[in-house]
Number of protein chains: 2
Amino acid sequence: MKVSETGEFGLIDRLQKMIMDAGVDRAKGLLIGIGDDCAVWKCSGKIQLATVDSMVEGVHFTLDTITWRELGWKSLAINLSDIAAMGGVPRYILINLALPDVTETEDIEELYRGMIELAQQSKTAIVGGNISRAPLVSITITVIGESVNEHILKRSAARPGDAIAVTGWPGSAAGGLAMFMQKLKFTKEDATYFRNAFLHPVPRLEEGQILVKNGIAAAIDTSDGLISDLRHICEASKVSTRINIADIPVHELLKKNFKDKAIEIALSGGEDYNLLFTGNTDIINKIKKQLDVPVHIIGEITTGAPGGDAVKIDLLDGASKPAKLNKTGWTHF
Amino acid sequence: MKVSETGEFGLIDRLQKMIMDAGVDRAKGLLIGIGDDCAVWKCSGKIQLATVDSMVEGVHFTLDTITWRELGWKSLAINLSDIAAMGGVPRYILINLALPDVTETEDIEELYRGMIELAQQSKTAIVGGNISRAPLVSITITVIGESVNEHILKRSAARPGDAIAVTGWPGSAAGGLAMFMQKLKFTKEDATYFRNAFLHPVPRLEEGQILVKNGIAAAIDTSDGLISDLRHICEASKVSTRINIADIPVHELLKKNFKDKAIEIALSGGEDYNLLFTGNTDIINKIKKQLDVPVHIIGEITTGAPGGDAVKIDLLDGASKPAKLNKTGWTHF
């Protein structure tokens, strides 16, 4: 069977089962292994986190729409976002770069300028890596961090009754992708908004740390799409959820430029790298005041399906009636 | 200027300078950043190590010569070897896999069987990773480990007067590569030796830890080639070196099958993933008795060139006269 038939999540499930059956999923000090945004372990009483992610030419980017500098920024940003999703503090960066030998050295320097800019902003250090020749450009980054206190955010900590909140404006990055793919013509100002949303995501590091400090326990970053990432939380927490479509924050520029498709893009578009989290409504309202980025409550966590069956995601329209959507998220295969 | 003109090490130097100039090479607790086999930092008094390396289809392997299982083993082995080079204990593994969606799911399971086998042997845990679509298979692995005591092995710790020693039989992996590339016909037994040397390297983890415990301070793994890796040690330690060609261990099967090219292959062939280290002769002779893998002393460390100029690597023939070689190691561009 081809990987395209097994699917990304199906393949991950099979490999995870092999790893568990062989007993190599466990180690001294390990707190969280496969299945969350970061791996987490204890080192002399201190919590450490590590994550890896990559950007592959022709799959995650094309060099005719992204600048080298933006590519450097985004490659690091998507990894820092995984640390943010667990409320951690990033510390050390390892960069694995594969590139054709006809690449211009100056372009690689621009790539590094983008990474260095974000490393400076996030107070992280580039401590190692590897460069190899390859037919296509790909950048794989590992970030190692630590927890801000004795707690971290987890996918598995959502509880029935929790409100669900999201930072930023979901679907904006997907709007940018659509703009490039479909060569849509927007005003210069609108195009800049969508370009930045897609190519210059800002990892929500400080926001994640503020969530932890306020006692929030469950979060994920919105990389696969709002509904898909919500599904990850529900599966890990063995809960279901009810979303009120009328409460989904849709940015005015998404509405203006994508009309009646805007809500679908907001629900299913990936790569926003904002935070989706759950918790007590009062605490979320308190957090809202501490964050510069907008926070919207979009629904609530409900009890899981009996017998541990597949989680249920109920979408309700403005009149609290069930709504349907075509797309439910973004996978690799 | 193309990357092919700048060269792998030239490119690394330029990027490292940018990183240093921007001040993102430093961080609280960081002991060793770019320039050694692993990054090293202190976490609550404990020394942690991390390394990343990748195998790219068409560059590091072709699927017509390596099995998926061997590919899994080797992908992890080359990373564990970096931990071994610093005398560390590997703990956690993150796997970043890029592959075409037409890949057979069963092949990826075989790939993981190879990794799992080595994870079991090395008592490490697979704790996370990422899978994405790509036109070619590439496997990028991050390994995080810790030190065996309060010391680690470093490239920068070689001192004039140290003897230089190497484990195993250098050039054997390159013999395997040559066998595949030039379609050489060997006896079945000889072919198995070279196949394993090239496709099934054994990371010298226990050996590295024994070096640390015996007070050895300087080491590197032989991934680029004996002379090239020796140059890395000399540059990091600001020393020079004198190598006696007659003392280079050349495996009898390398001699038998490659005749008068054997010595050149032993000196310049990459991917052996053994350990090259320096230290007091008596200590090295003591270590010899503790290791199952052969250890040979091949030369000595001499004082660096005055004024910090390029290091000198003197090769002496059997009569202690200067010898010359065409190749000096393996780089990516």
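These exercises work through helix packing, the chain interface and salt bridges in a predicted model.

**Exercise 1. Classify the crossing of helices α3 and α6 of chain B, and describe their contact.**

Step 1. Locate the helices. In chain B, α3 covers residues 68–85 and α6 covers residues 188–199.

Step 2. Take the geometry. Their axes come within 9 Å and cross at roughly 50°.

Step 3. List the residues. From α3(B) come B:Glu70, B:Trp73 and B:Lys74. They meet B:Arg195, B:Phe198 and B:Leu199 of α6(B).

Step 4. Sort them by class. This contact has three nonpolar and three charged residues, and no polar ones.

**Exercise 2. Describe the interface of chain B and chain A by its residues, buried area and polar links.**

Step 1. Count the residues. On chain B, 73 residues are in contact with 73 residues of chain A.

Step 2. Take the area. About 6500 Å² is buried between the two chains, and carbon and sulfur atoms give 65% of that.

Step 3. B:Val24, B:Tyr92 and B:Ile131 supply 10% of the area that chain B buries against chain A. That is more than any other three residues.

Step 4. Count the polar links. Across the interface there are 32 residue pairs in polar contact, both at pLDDT 80 or more. Four salt bridges also cross the interface. A:Lys2 forms a salt bridge with B:Glu104, with the closest N and O atoms 2.7 Å apart.

Step 5. Elements giving two or more residues include α2 (8–21), β4 (88–99) and α4 (105–121) of chain B. By class, this side divides into 36 nonpolar, 21 polar and 16 charged residues.

Conventions: Residues are numbered from 1 along each chain as its sequence is written. Chains are lettered from A and ligands numbered from 1 in the order in which they are written. This is a predicted model: local features need pLDDT of at least 70, side-chain atom pairs count only at pLDDT 80 or more; totals for chains, interfaces and linings use all residues. Side-chain values use heavy atoms; hydrogens and water are left out. Axes are lines fitted to C-alpha atoms, for helices over the stretch in contact, and angles run from 0 to 180 degrees between N-to-C directions. Helices (H or I, at least four residues) and strands (E, at least two) are DSSP runs, numbered from the N terminus. Contact means heavy atoms within 4.5 Å. Ala, Val, Leu, Ile, Met, Phe, Trp, Tyr, Cys and Pro count as nonpolar, Asp, Glu, Lys and Arg as charged, and the others, Gly among them, as polar. Buried area is the accessible area (1.4 Å probe) that two parts lose on being put together, summed over both. A salt bridge is a side-chain nitrogen of Lys or Arg within 4 Å of a carboxyl oxygen of Asp or Glu. A polar contact is a pair of N or O atoms within 3.5 Å; within protein, one must be able to donate a hydrogen and the other to accept it, and residues adjacent in sequence count only if both atoms are side-chain atoms.
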